[in-house]
Amino acid sequence: MDENVLAILARFENRPAGIRRILGKIATLEAVEREQAFSRLLILAGLRKLEKAVRDEAKTMPILNSILDHEVIGPAIQQGIEQGGSHI
């Protein structure tokens, strides 16, 4: 799965489609792995200044629903979404 998360560092012809593809692969993981992969994706996306794009795309996908339910990660992600900032 790490290769899919690392894909965020590549250049995309169609950025939203590339992000959706990565999130789609993350969505197929078990809950704990999915949460870890999403966290890693947000960190790497920040390096490419794509964190907001990843968050925006994740809002439209079911992957975010279960992550927001996570006891520790959920509130931090929700706070970041509400603030629109680049940190969790």
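## Getting started

Because this is a predicted model, local features need pLDDT of at least 70 and side-chain atom pairs count only at pLDDT 80 or more, while totals for chains, interfaces and linings use all residues. Residues are numbered from 1 along each chain as its sequence is written, and side-chain values use heavy atoms, with hydrogens and water left out.

## The overall plan

The chain has six helices and zero strands. Here helices (H or I, at least four residues) and strands (E, at least two) are DSSP runs, numbered from the N terminus. Of the 88 residues in the chain, 35% are buried, where buried means under 20% relative accessible area, exposed over 50%, and partly exposed in between (1.4 Å probe, protein chains only).

## Helices side by side

Two packed helices are described by the angle between their axes and the distance between the axes. Axes are lines fitted to C-alpha atoms, for helices over the stretch in contact, and angles run from 0 to 180 degrees between N-to-C directions.

Take helix α2 (residues 15-27) and helix α3 (residues 31-47): their axes come within 9 Å and cross at roughly 155 degrees. The two are therefore roughly antiparallel, a term for angles over 145 degrees. On the α2 side, I22, L23, I26 and A27 meet R34, A37, F38 and L41 of α3; contact means heavy atoms within 4.5 Å. Seven of the residues in this contact are nonpolar, none is polar and one is charged. Ala, Val, Leu, Ile, Met, Phe, Trp, Tyr, Cys and Pro count as nonpolar, Asp, Glu, Lys and Arg as charged, and the others, Gly among them, as polar.

Helix α3 also packs against α4, at an angle of about 140 degrees with the axes 7 Å apart. In this pairing, F38, L41, L42, A45 and G46 of α3 meet E51, V54, R55 and A58 of α4.

## The inside

The largest nonpolar core has 19 residues, and V5, I8, L23, I26, F38, L41 and V54 have the most contacts inside it. Such a core is a set of buried Ala, Val, Leu, Ile, Met, Phe, Trp, Tyr and Cys residues joined through side-chain atoms within 4.5 Å. The largest share, six residues, comes from α3.

## A residue on the outside

Between α3 and α4 there is a loop that holds K49. K49 is exposed, with a relative accessible area of 76%. Its phi is near 55 degrees, a positive value in a residue other than glycine.

Methods:
Parallel < 35°, antiparallel > 145°, perpendicular 65-115°, else oblique.
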